[in-house]
Amino acid sequence: MISRKQIILFFGNVVTTITMFGVPWSRQIRTLTIWMVVNGLTLGVLDTGGNVCCLNLWGKDSGPFYQALHFTFGIGGLVSPLIAAPFLGDYSDFEQFYDNGTLETNETCYQNHTDFSNATSVAIPRVTWAYMSIGVISFFVTILFLAMCIIAPVDESGRKGGESESGKKSWAFTALIVFLTCILILTSMGTEVGYAQMLTTYAVKGPLHLSTSTGSYMTSTYWAAFTASRLAAIFLTIKFSNFSLIVFDVVLTFIGGLVLLFLAASYDWALWVASILLGVGIASFFPASVSWIEQYINVTNKIASMFAVGASFGEMIIPYTISYFIDEKPEVFIYVVIVSCVVAIVVTFIMYLILRKIPDKYTSRRTSSVNAARSGSVNAAYNNTEI
């Protein structure tokens, strides 16, 4: 039978598909805002639910699968612009959309956000087809997800057999670990988005004064390194522990930060190298961190929601901080990255000190099972001796 979680995720996919079709046909700002808000809410549900389901389904073996899940995020980030690019025009298309003889002037429309629902003989903007294309893809994903739910439903707990319960940890311990993980996620996700958004601006307005096209190529290189690293992490988690991957990530991002700090202001090649190092280092940090702490606590829907909120705050605060100062002080771009790297190192070290002597829940479960089996064998031998 299909579980409640699968039903919720299915309807989340349905609503996301509807919003993708609805956005390009919005003829009022308030309508567009409603579509975008609903889309954001459903994407938040899918993000949280997908992460929890992945961890619950594969448990201690979730590392490669969880990295693969986040690898698909990187693929989406690379493919979506390629899908949209053929349909994107310039502002002349937008002006033609407004200039149909029924409205006063384009300038009035821009300033007052005039409702153009009564316009006649209006050509459909090319950007509409970009949204429609992505909506069609989302529709097929929804159908495939429904088929998967019917063919392979999961139990209500959503956990792989034999992993429905874990060792109980105190509320204070769980709260502390979740809090520290939220800080890690906030800094890593904020740096990931902030660096990508502000790299071109820093390349142009910073001391190197590079061209916009060069900055764009750097940003593309960053995302390419990011996606390739997530692909590699799928296989690395098979051979290495999640903590080992985290150590590798924080060391690599810190080296990238040092290259930014000491060399990127003088040499353009250093900015290229730093972008590659940061892209590789940041890529697997979020899934590795969540997989690491999942070994010690149950990552429930509520906890996963906290992680999503922490990531969202990071994606808002860090890019905004950089953008606020970058016009007058471009070096703030580097300082924010360095501070994020230092915070990640400090928090990771604190969590290591807390968790290093605590057995993970899977080890505890195996130990309990072995002890129970031994106790059963001893009792059976004792009963046979009495007979």
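## Basis of the description

The model is predicted, and local features are reported where pLDDT is at least 70, side-chain atom pairs count only at pLDDT 80 or more, and totals for chains, interfaces and linings use all residues. Residues are numbered from 1 along each chain as its sequence is written, and side-chain values use heavy atoms, with hydrogens and water left out.

## Overall architecture

The protein chain has 14 helices and zero strands, where helices (H or I, at least four residues) and strands (E, at least two) are DSSP runs numbered from the N terminus. Of the 387 residues in the protein chain, 40% are buried, a class that means under 20% relative accessible area, with exposed meaning over 50% and partly exposed lying in between (1.4 Å probe, protein chains only).

Among contacts (heavy atoms within 4.5 Å) in the protein chain between residues at least 6 apart in sequence, 80% join residues at least 24 apart.

## Helices H1 and H6

Two packed helices are described by the angle between their axes and the distance between the axes. For helix H1 (residues 4-22) and helix H6 (residues 126-151), the axes come within 8 Å and cross at roughly 165°; axes here are lines fitted to C-alpha atoms, for helices over the stretch in contact, and angles run from 0 to 180 degrees between N-to-C directions. H1 and H6 are therefore roughly antiparallel to each other, given that angles under 35 degrees count as roughly parallel, over 145 as roughly antiparallel, 65 to 115 as roughly perpendicular and the rest as oblique.

The crossing of H1 and H6 is left-handed, a term used if the near helix is turned anticlockwise from the far one by less than a right angle, with right-handed used if clockwise. The residues of the contact of H1 with H6 comprise 15 nonpolar, seven polar and no charged; Ala, Val, Leu, Ile, Met, Phe, Trp, Tyr, Cys and Pro count as nonpolar, Asp, Glu, Lys and Arg as charged, and the others, Gly among them, as polar.

## Helices H8 and H10

Helix H8 (residues 212-239) packs against helix H10 (residues 268-283) at an angle of about 30°, with the axes 7 Å apart, which makes H8 roughly parallel to H10. The crossing of H8 and H10 is right-handed.

Residues in the contact include Tyr 217, Tyr 222 and Phe 226 of H8, and Leu 271, Trp 272 and Ile 276 of H10. The residues of the contact of H8 with H10 divide into 12 nonpolar, five polar and two charged.

## Individual residues

Ser 291 lies in helix H11 (residues 285-294) and, at 3% relative accessibility, counts as buried. Leaving aside neighbours within four places in sequence, Ser 291 is in contact with Leu 55, Ser 62, Gly 63, Tyr 66 and Asn 242.

Most residues other than glycine have a negative phi. His 209, in the loop between helix H7 (171-205) and H8, has a phi near 55°, a positive value in a residue other than glycine, and counts as exposed at 58% relative accessibility.

## Cysteines

A search of the whole structure finds zero disulfides, a disulfide being a pair of cysteine sulfur atoms within 2.5 Å. Cys 182 is buried, with a relative accessible area of 15%, and Cys 341 counts as buried at 5% relative accessibility.
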